[in-house]
Amino acid sequence: MSVSQTSESPDQTVVNALGQFLGAPPPGTPPEVVEALTLMAGDPADPLPPRLFFEAVEQAPSAISITNVEATILYVNRAFEVLTGYQRAEVIGKNESILSSNATPDSIYRQLWRTIKRKQTWTGTLVNRAKESGDYIAELTIAPVLDRDGELKYFLGVHRNVTKVHELEVALRQQKTRIEAVLDAAPVVVVLVDASGRIVLDNQEYKKLYGDLRGCEPVEVLRAGMQEQVGLDPLAECLAGRGFKDLEVSIETPGPGGPRWFACTGTPADEFDSSARGYFGRNAKGERRMLLLANEITARRREIERAHLEHLRARLAEQQLNHGMREALAAAIYQIQAPMNVIHAAAAMARSGTAHLDSLAGMLEQISRSGGEAMAALTAALPQEPREAGVMVNVNELLRRVLELETDRLLASGIVVDWRPAPVLPHLPGQKNHLRSLFKHLIDNAIHALNESGRSHRDLLLATRAVPGGVEVDVQDNGPGIPLASRYRVFEPFYIGWRNRRGKAGMGLALSQEIVSDHGGCIEVDPEFQDGCRIRLFLNAAKGDE
Ligand code: FAD
């Protein structure tokens, strides 16, 4: 046997030598050796010689090992050396457990061994320890290799490092957990719905509403409500790429609570295509979804409705009062007519000189009697001051409400309002309606004063302050002001200082002072303020404790 000295590769030289040997095997060569070498040399006509299989395994990018049935390593490829950090000389003859990091539960190994001993392929994940670079997550497949008789002879192990994938999965899971925690903590109903109306994601508030609706899907109920009440299908809008914001819709929930109101906001949410076809982006068919946020505003709505009702009630009561007063005044005028007639007659008699003392005395008695009756009727017609229960009130809130009520008048008079509430005010024990009419009266006075001033620049400043023991309020305007000499008289009943006295009874500030005193406070015209009028009042926070 000679080996040709050409420029062949060493592999080719071996294959050629084997070919020559097998062409004329020396006499006495055992047939098993000839068979084994025949297998090694392969068939020259076969384009895939066995050596190729060896090289393919050797150069494969995955870590490959071959063991005996006890997992003693017989062979490892180059990628195994790179991944584990062990040279093949260090691991051949050792058990695969050399790679174990002791972080894989025993149950996994038991399951692994049960499977491969049954001559089945096992695939799973283990925590391995590389020689120097520490722990890594290995995705391992072990395939049994059987001999000709079907007996288990070897195991082929293929594994790769999937630590990065695991890290990404964990990061994704963490991200998901965080998003879910934020969504669940949000005091708003949140739901993500796909194009067919299927719920993809929801939060705790959504689930709570689902319970309140006794199993009816809230998104369907809200959707139907919007279609009916606003004439808009939220899903269709979002799928068409149009969002919507704060659409108020009411829904009925079982039970005695009455309708519930939600402010709904819809946003189109585009999802990426995760299918294999869309991998390179060319055939990607992303799906559009609807992200619906529903913020419950039932309390606010009820408050508005209650305020509206209260306002209506107050107007009705006012109308009733006016009506009653007109009736009583008409009756009083009628009753006064009688003594007036007698007075006229007595005066005529006196003028004509026909008046006798007796008849005049009788007339005076008649006047006194019918005058007394008229007085009694008028006194009876005086409306009763409604009694109001004391509650804890927030002066800022009351003033703000009164300002809101006065907005139209302030705008019509061209008055610029400077509203300076104290950021924090103690709550006072007080009578809301009385305080409201107090503030309304002071603001009305300021508007009247500014209108009388004829000034082009009209300012109204309202300020509140927390002071020891209570709350101080300033109502200040840049109108004509109140002369120093009148600063006490303005609080007297029936005092009228306006140029235009029409419709004025001069009782406003007198009643205001009464309300302030009822609240354990005091009110004054600030003598220091010269550029108009500043009414300063103090309300006692401790009055309720007395
Ligand atoms: P061990 O005592 O060796 O095994 C734990 C449990 O496994 C035992 O209680 C027993 O139930 C079962 N078991 C172990 N050996 C046998 C056996 N011969 N027959 C039946 N049951 C048995 N392990 C890794 O940690 N990382 C690897 O990358 C890895 N690759 C492998 C590749 C191949 C091809 C094979 C066959 C095994 C591989 N193993 C691998 C498994 C390894 O051989 C050990 O079983 C494992 O590492 C646990 O070792 P241990 O010393 O902690 O416990």
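A polar contact is a pair of N or O atoms within 3.5 Å, and inside a protein one of the two must be able to donate a hydrogen and the other to accept it. Keep that in mind for the first view; the model shown in these close-ups is a predicted one.

**View 1. Arg534 and Gln476 meet through their side chains.** The polar contact between these two side chains spans 2.9 Å, inside the 3.5 Å cut-off. Arg534 itself sits in strand E17, which covers residues 533-540.

**View 2. Elsewhere, 5 strands line up as an open sheet.** Reading across, the order is E7-E6-E10-E9-E8, with antiparallel pairing. Strand E7 (199-202) and strand E8 (244-251) are the edge strands; each has a single partner strand, so one side of each has no neighbour in the sheet. On average, neighbouring strands here are turned by 25 degrees against each other, direction ignored.

**View 3. Here's where E8 meets E9.** One of the residues to look for is Ile251, whose bridge partner in E9 is Arg260.

**View 4. Helix H9 packs on the sheet.** This helix, residues 218-229, touches strand E6 (189-193), E7, E8, E9 and strand E10 (287-296). The direction of H9 makes about 100 degrees with that of E8.

Key
Residues are numbered from 1 along each chain as its sequence is written. This is a predicted model: local features need pLDDT of at least 70, side-chain atom pairs count only at pLDDT 80 or more; totals for chains, interfaces and linings use all residues. Side-chain values use heavy atoms; hydrogens and water are left out. Helices (H or I, at least four residues) and strands (E, at least two) are DSSP runs, numbered from the N terminus. Two strands pair if DSSP finds at least two bridges between them. Axes are lines fitted to C-alpha atoms, for helices over the stretch in contact, and angles run from 0 to 180 degrees between N-to-C directions. Contact means heavy atoms within 4.5 Å.
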